[in-house]
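This briefing reviews a single protein structure by topic. Please consult the sequence and the coordinates shown below alongside the text.

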Amino acid sequence: MVRLILKPSLPTDVQVKGLIFDMDGTLCLPQTWMFGKMREVLGITKGVDILDHIYSLDVDQQASAHDKIKHVEKTAMVQMKPQPGLAQLMDFLDENNLDKAICTRNFETPVHHLLTTFLPEKLFHPIVTREFKPPKPSPAGLLHIAEKWNIEPRYLIMVGDSVDDMLAGHHAGMTTILLESDVNGHLKEAKETDVVVSRLDAIISLLENGIEIPELVPDGSSKDLN
């Protein structure tokens with residue numbers, strides 16, 4: 001095992017260089033009702049992925065379907081509340097010059113609302129929304145961010161609250177942090193989940209003390225490099 005840490009002190013330490021965040025349920029408190037409402041307006045069941053369903057429609061039907069879920073997202077947007085510890089973590093990341101990005105399956109407007117309302121002076125770049133295809137759980141969006149930063153994935157952390165976040169981060173070769181909630185306890189023991197926290201500011205001590213990671217992730221790519 002090696003440590004992914006802010007300030008390496010051992011030869012085997014790996015320096016963390018950036019964090020990527022999901023939005024819904026990660027930067028803001030979860031609004032689980034939103035996804036049920038989206039499926040209701042689309043006429044699909046719980047087991048059907050919302051975006052997969054929309055992209056399976058004829059092109060002339062996709063715009064209408066997107067409008068339906070955007071209406072739900074805009075309703076949820078005005079009810080957003082920040083996650084506990086959000087401001088403290090973001091201040092710490094800025095103080096230590098760590099890159100920040102967002103990778104979400106939401107669309108631009110709610111992301112802009114969250115940033116201007118709760119983090120008006122914080123820079124996240126790039127911001128990957130569902131206009132980027134394929135969306136999570138594909139690792140493509142995360143790898144796009146890593147490429148934009150010119151940083152190899154092994155130096156990066158994906159923070160999220162869903163199976164899509166853990167799968168995307170794991171398959172991108174990044175360390176994953178699950179933000180625990182009332183509905184995602186089943187992900188705590190998943191092989192794609194490296195660390196679990198109950199508050200965002202708990203990540204500060206992880207970065208300072210180091211996160212133990214294996215030398216090789218399950219897909220065979222190495223994280224144990226400086």
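In this predicted model, the axes of helix α4 (residues 86-95) and helix α8 (residues 202-209) approach to within 8 Å and cross at roughly 30°. That crossing makes α4 roughly parallel to α8, because angles under 35 degrees count as roughly parallel.

**Packing of α4 and α8**

- On the α4 side, the contact is made by Gln88, Leu89, Phe92 and Leu93.
- On the α8 side, Ile203, Ile204, Leu207 and Glu208 take part.
- The residues of this contact of α4 with α8 comprise six nonpolar, one polar and one charged.
- In general, two packed helices are described by the angle between their axes and the distance between the axes.

**Overall fold and dimensions**

- The protein contains eight helices and nine strands.
- Its radius of gyration is 17 Å, which agrees with the value near 17 Å for a compact globule of 226 residues.
- Along the principal axes, the C-alpha atoms fill a box of roughly 55 × 35 × 30 Å.
- Of the 226 residues, 50% count as buried.
- The accessible surface amounts to about 10,900 Å², and carbon and sulfur atoms account for 51% of that area.
- Considering contacts between residues at least 6 apart in sequence, 66% join residues at least 24 apart.

**Cis peptide bonds**

- Most residues other than glycine have a negative phi, and most peptide bonds are trans.
- The peptide bond from Lys133 to Pro134 is cis, its omega being near 0°.
- Pro134 is placed in the loop between β5 (127-128) and α6 (140-149).
- Lys136 and Pro137 are likewise joined by a cis peptide bond, here with omega of about 20°.
- Pro137 lies in the loop between β5 and α6.

**Positive phi at asparagine**

- Asn97, a residue other than glycine, has a positive phi near 55°.
- The loop between α4 and β4 (99-103) holds Asn97.
- Asn97 counts as exposed because its relative accessibility is 68%, where the cut-off for exposed is over 50%.
- Asn150 is not a glycine either, yet its phi is positive at about 60°.
- The location of Asn150 is the loop between α6 and β6 (156-160).
- With a relative accessibility of 71%, Asn150 counts as exposed.

- Thr26 is found in the loop between β3 (18-21) and α1 (33-42).
- A relative accessible area of 0% means that Thr26 is buried.
- Apart from neighbours within four places in sequence, Thr26 is in contact with Phe21, Gln83, Val159, Gly160, Asp161, Asp165, Leu179 and Leu200.
- Pro30 also lies in the loop between β3 and α1.
- Pro30 is partly exposed, its relative accessible area being 36%.
- Apart from neighbours within four places in sequence, Pro30 is in contact with Gly25, Gln83 and Ser181.
- The C-alpha atoms of Pro30 and Val48 are 20 Å apart, with a separation of 18 residues along the chain.

Conventions:
Residues numbered from 1 in each chain as written. Predicted model: local features only at pLDDT ≥ 70, side-chain atom pairs only at ≥ 80, totals over all residues. Heavy atoms only, no water. Axes fitted to C-alpha atoms, helices over the stretch in contact; angles between N-to-C directions. Helix = DSSP H or I, 4+ residues; strand = E, 2+ residues; numbered from the N terminus. Parallel < 35°, antiparallel > 145°, perpendicular 65-115°, else oblique. Contact = heavy atoms within 4.5 Å. Nonpolar A, V, L, I, M, F, W, Y, C, P; charged D, E, K, R; others polar. Rg over C-alpha atoms; globule rule 2.2 N^0.38 Å. Buried < 20%, exposed > 50% of the residue type's maximum accessible area, 1.4 Å probe, protein only. Areas by Shrake-Rupley, 256 points an atom, 1.4 Å probe, with all protein chains shown as cover.
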